[in-house]
Amino acid sequence: MTPVVLKMSNSGLVVVECNAQKVLRAHRQIGLLKGEQGGILMGERRGDHIVITHASTPGKGDKSWYTGFIRSKSRHQRFIDRVYKETQGKSNYVGEWHSHPEPNPKPSVTDIVNWKRNLTESELYILTIVGQKNDWWGQILQKSITALNF
């Protein structure tokens, strides 16, 4: 497996390291009984570039159904705190991910509303929807959402 590289609208790059990719791929929503899952993306901001080094896994406290999920705030905050400490402050929150029950996902109206409501800071964040076959990657900056290109 090699790192995934995406182009942002500001000419920066997003590099998704193998460890983070493994977490995302392990949570593809295959099968009718599997609910949506999601988590946090952690990484480093290097000038105009973002390197995603870690992705949190779904777990106890998360609520999941076929077309939605609610992330456990305390559990994923502990993940953020642990990664921040392990990397001596180099890795920070850089975005979020969740799955969709479709081969080629696109953001739903619910996704867009939630992202715009929750990610209101003036910093750019990475958004990922893990599909059954392919993934959608995007960025949000000041409530403007743009798809990223490979």
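Predicted model: local features only at pLDDT ≥ 70, side-chain atom pairs only at ≥ 80, totals over all residues.
Trp 115 is buried, at 4% relative accessible area (buried is under 20%, exposed over 50%, partly exposed in between, with a 1.4 Å probe and protein chains only). Residues are numbered from 1 along each chain as its sequence is written, and side-chain values use heavy atoms, leaving out hydrogens and water.

**Exercise 1.** Work out how the rings of Trp 115 and Trp 136 are arranged.

*Solution.* 
- Start with the search: the whole structure has 2 aromatic pairs. Rings of Phe, Tyr and Trp (its six-membered ring) pair if their centres lie within 6.5 Å; planes under 30 degrees apart are stacked, over 60 edge-to-face, the rest tilted.
- Here the centres are 5.8 Å apart and the planes at 10°, so Trp 115 and Trp 136 are stacked.

**Exercise 2.** Find what sits over the ring of Tyr 125.

*Solution.* 
- It's the charged end of Arg 45, 5.4 Å from the ring centre.
- The rule asks for NZ of Lys or CZ of Arg within 6 Å of the centre and within 35 degrees of the ring normal.

**Exercise 3.** List the residues that Val 14 touches, skipping those up to four places away in sequence.

*Solution.* 
- Contact means heavy atoms within 4.5 Å.
- That gives Val 4, Val 5, Leu 6, Met 8, Ile 50, Ile 52, Ile 126 and Leu 148.
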